[in-house]
Amino acid sequence: MIRWIRQQLGFDPPHQSDTRTVYIANKFPQHGHYIPQRFADNRIISSKYTIWNFIPKNLFEQFRRIANFYFLIIFLVQLMIDTPTSPITSGLPLFFVITVTAIKQGYEDWLRHKADNEVNGAPVFVVRSGSLVQTRSKNIRVGDIVRVAKDETFPADLVLLSSDRAEGTCHITTASLDGETNLKVCVLCS
């Protein structure tokens, strides 16, 4: 349970092995020669925060900014030492800026969560147990054979096994990765 919490908070990366064996279409060997490996799942996570780490992580990021840290120090000094100005004169603007920035960053992260859920829930066709099964893109596992039709978004890093074109090619864009919208030719390895 503690390991899971640490992974959710981003402190422990998932366990990774030195060697990788990928079984195509998840057909594992018989006679006990198979040692299960944990691969990263296919979920896309572009958000920075979770419900559990939003406040501490956001406050840490905001007070890393020199201006916010400076006003925090001024506010604390005004609280401890009798000064001619009230601590409210530096504390209230600091609180306002921190609150507005946290609300803005929280809203932007919520939009990223929505976009991630939309991409992770996209329907894809995968070969499982010898038949074509529709599943969500977040459920794709390493070794799955995925059918991608014309004008569909690639749900993962894929190797081209076949194409319906005579020359065995396909054209792809990498706009979601690097912003380039020109077509690139992908050639089937023979």
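Author: By class, the residues lining the largest pocket divide into 25 nonpolar, 11 polar and 10 charged, where Ala, Val, Leu, Ile, Met, Phe, Trp, Tyr, Cys and Pro count as nonpolar, Asp, Glu, Lys and Arg as charged, and the others, Gly among them, as polar. The model is a predicted one, in which local features need pLDDT of at least 70 and side-chain atom pairs count only at pLDDT 80 or more, while totals for chains, interfaces and linings use all residues. Residues are numbered from 1 along each chain as its sequence is written, and side-chain values use heavy atoms, with hydrogens and water left out.

The lining comprises 46 residues, and those nearest the centre of the largest pocket are Val 148, Glu 152, Phe 154, Leu 158 and Ile 172. A pocket here is found on a 1 Å grid over the protein atoms alone, as an open set of points where a 1.4 Å probe fits, with protein on both sides within 12 Å along at least five of seven lines, and a lining residue has an atom within 4 Å of a point. The volume of the largest pocket is about 1,800 Å³, taken as the space filled by probe spheres set on the points, with grid points joined across faces, edges and corners.

Two or more lining residues come from each of strand 1 (123–128), strand 3 (145–147), strand 4 (169–174), helix 5 (175–178) and strand 5 (180–187). Strand 4 gives the most, with six residues. Helices (H or I, at least four residues) and strands (E, at least two) are DSSP runs numbered from the N terminus.

To place these elements in the chain, the protein has five helices and five strands, and their order along the sequence is α-α-α-α-β-β-β-β-α-β. Of its 190 residues, 19% count as buried, that is, under 20% relative accessible area with a 1.4 Å probe and protein chains only.

In the model, residues 63–81 are 84% helix and 0% strand, with the end C-alpha atoms 22 Å apart.

How values were computed: Buried < 20%, exposed > 50% of the residue type's maximum accessible area, 1.4 Å probe, protein only.
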